[in-house]
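Subject: Structure for your review

Dear colleague,

Please find below the sequence and the structure that I promised to hand over. My notes on what was found follow directly after.

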Amino acid sequence: MEEKKGKIYIFDTTLRDGEQAPGIHLNTREKLEIAKQLEKLNVDVIEAGFPISSKSDFNSVREISKEIRNRKIAALARANFKDIDAAGEALKEAEQPVIHTFISSSDIHLKYQLKKSREEVLELAGEAVKRSRNYTDVVEFSAMDATRSDWAYLCRLYEIAIKNGATIINVPDTVGYALPDEFGEMIDYIFENTEGIENVVVSVHCHNDLGLAVANSLAAIKHGARQVECAVNGIGERAGNAALEEIVMIIDTRKNRLGMYTDINTKEIIRTSSIVRSLTGYIVAPNKAIVGKNAFSHEAGIHQDGMLKDRSTYEIIRPEDIGLKSSKLVLGKHSGRHAFVGKLNELGIHLSEENLEKAFERFKDLAEKKGAINDEDIKAIAEDEIREVTEHFLLKYYRIQSGSDINAEATVGIEINGKLHESSSTGNGPVDASFKAIDKIVNINTRLIEYNIEAVSGGKDALGSVKVVVSTNGVEVMGSGISTDIVEASIKAYVDAMNRIVENKE
Ligand code: KIV
Ligand code: ZN
């Protein structure tokens, strides 16, 4: 990596660590959509997956490598030849491939997980990096659980990685245990005690178990780390990874004090957050910094008064700097395809011809029911189209009977391989009854573990967006659906989850 003074490299791990979060299963098309958006956001590195972990991860890394030409594409590999060869193979067509290989360094992990001695781990790390260099010139080496490791041993491990050709040395706070000042000291120690460290980029990868992932990343860059690994909306294992949008906007907002910058196109932040939220189904808390829906709302009278007098009274980031535009009512049932496409362009959404056709049909349908259509509705429709899945189960119709003095009953018609199947069930409310009717048709053993509903925009006739998470054989799968009718949105979400279970099996 060329050294640019003050530049902080953004290594995005939304598609790898982010996708490891429970319930997230993105297919290759969806990962490609996110990768394209990350390219627009202008991240430096896209970690596209962990190729050895599944056929789908392998294919995603391969497809992203083919499609995204002017970004570094990283693939994860444990420190063994099988993983590394799979990563090398998946990255074969990448223009700027990066193998990211890792092994644990803490005594806790060595004893209980790896069951290996410190010396054995040193050797494996050296061999792994050397093997990776057969495939790529840029090799990142991570010492997993670095922050709970013996610092002197950690430096020996990094030295071996550097001697064998690592160009990026990553310091993960795997379990989110570090404190900012301690992490800063640790980075100093690594710089002072690792031979060859001046020739590589030092990177950090912080988890958020104690809510300190962003603060720790910031401490590290103040102590000389030059790359931050992070994920959009902070998604990732357990409490997640450092949130990309927070790191970037801290560096941007406080650039005068920090003297650093990133190459991120901040105007793409909201759009990226929205795509990741809708494709992963991971809802963003309304008060989440930068991308929460209330992050720029001013409620208290005194704040509103200040804002009216001068925005700088209570606003440190201009909403437009992250790509927020005020939502206007723009389209309606008389709007044609041209206006619809124009609106999508304005919102930065690009759909394939096929998806565009379907989205337009749905827009017309919605406009017929609802009249005025706002930006949030259009985004929801388009993102639902992007979130494509092979429709093994095709919902044809449903009928519901429900009321305060009758048992809820649902009848659902679903087509499988061209044949229509109908089933009815009673239940504790219309959603329960419909899910039971669907269960009888799809014949998959699942447990509903999460059900979430939110209105896409304001108004009594707003689109409802339903997310469900079902568990099958210990694997969690998310499904989503939108409709002005919340029972229909629920049925669509449930059928979507069933289709994803079938897709994951194939
Ligand atoms: O959290 C972690 O340690 C990781 C490594 C693979 C970098 O995700
Ligand atoms: Zn991680």
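Predicted model: local features only at pLDDT ≥ 70, side-chain atom pairs only at ≥ 80, totals over all residues.

As a general background to both, nonpolar side chains tend to be buried together in soluble globular proteins.

The ligand site

Ligand 1 has around it Arg16, Asp17, Leu76, His100, Phe102, Ser142, Met144, Asn170, Pro172, Thr174, His205 and His207. By type, the residues of this shell divide into 4 nonpolar, 6 polar and 2 charged. Three strands, S4 (97-104), S5 (138-144) and S6 (168-173), each contribute at least two residues to the shell. Among the polar approaches to the ligand, a polar side-chain atom of Arg16 lies 3.0 Å from an oxygen atom of ligand 1, a polar side-chain atom of His205 lies 3.1 Å from a ligand oxygen atom, and an N or O atom in the side chain of His207 is 3.0 Å from an oxygen atom of the ligand. On its own, ligand 1 has 260 Å² of accessible area, of which the protein covers 96%.

The N-terminal end of H3 is capped by Asn80, whose side chain places an oxygen 3.1 Å from the backbone nitrogen of Lys82.

Ile52, in the loop between strand S2 (45-49) and H2, comes up to this helix from elsewhere in the sequence: leaving aside neighbours within four places, Ile52 is in contact with Arg78, Lys82, Asp83 and Ala86. The C-alpha atoms of Ile52 and Ala87 are separated by 7.1 Å, although the two residues are 35 residues apart along the chain. Ile52 counts as partly exposed because its relative accessibility is 29%, a value that falls between the limits of 20% for buried and 50% for exposed.

Thr14 is placed in the loop between strand S1 (9-12) and helix H1 (28-41), and it counts as buried because its relative accessibility is 2%. The side chain of Thr14 makes a polar contact of 2.8 Å with the side chain of Asp12, while its contacts beyond four places in sequence are Glu19, Cys230, Ala231, Val232, Ile235 and Val276.

Ser434, by contrast, lies in a helix, H16 (residues 430-442), and counts as buried because its relative accessibility is 0%. Its side chain reaches the backbone oxygen of Pro430 at 2.4 Å. Leaving aside neighbours within four places in sequence, Ser434 is in contact with Ile400, Ala410, Val412, Val487 and Ile491.

Backbone angles to look at

Most residues other than glycine have a negative phi, and two residues depart from this. Arg238 has a positive phi of about 50 degrees although it is not a glycine, and Ile290 likewise has a positive phi, near 70 degrees. Arg238 is found in the loop between strand S8 (227-230) and helix H9 (244-253), where it is partly exposed because its relative accessible area is 45%. Ile290 is found in the loop between helix H11 (269-280) and helix H12 (301-309), and it is buried because its relative accessible area is 12%.

Terms used
Residues numbered from 1 in each chain as written. Chains lettered and ligands numbered in written order. Heavy atoms only, no water. Near = heavy atom within 4 Å. Polar contact = N/O pair within 3.5 Å; in protein donor to acceptor, adjacent residues only side chain to side chain. Areas by Shrake-Rupley, 256 points an atom, 1.4 Å probe, with all protein chains shown as cover. Nonpolar A, V, L, I, M, F, W, Y, C, P; charged D, E, K, R; others polar. Buried < 20%, exposed > 50% of the residue type's maximum accessible area, 1.4 Å probe, protein only. Contact = heavy atoms within 4.5 Å.
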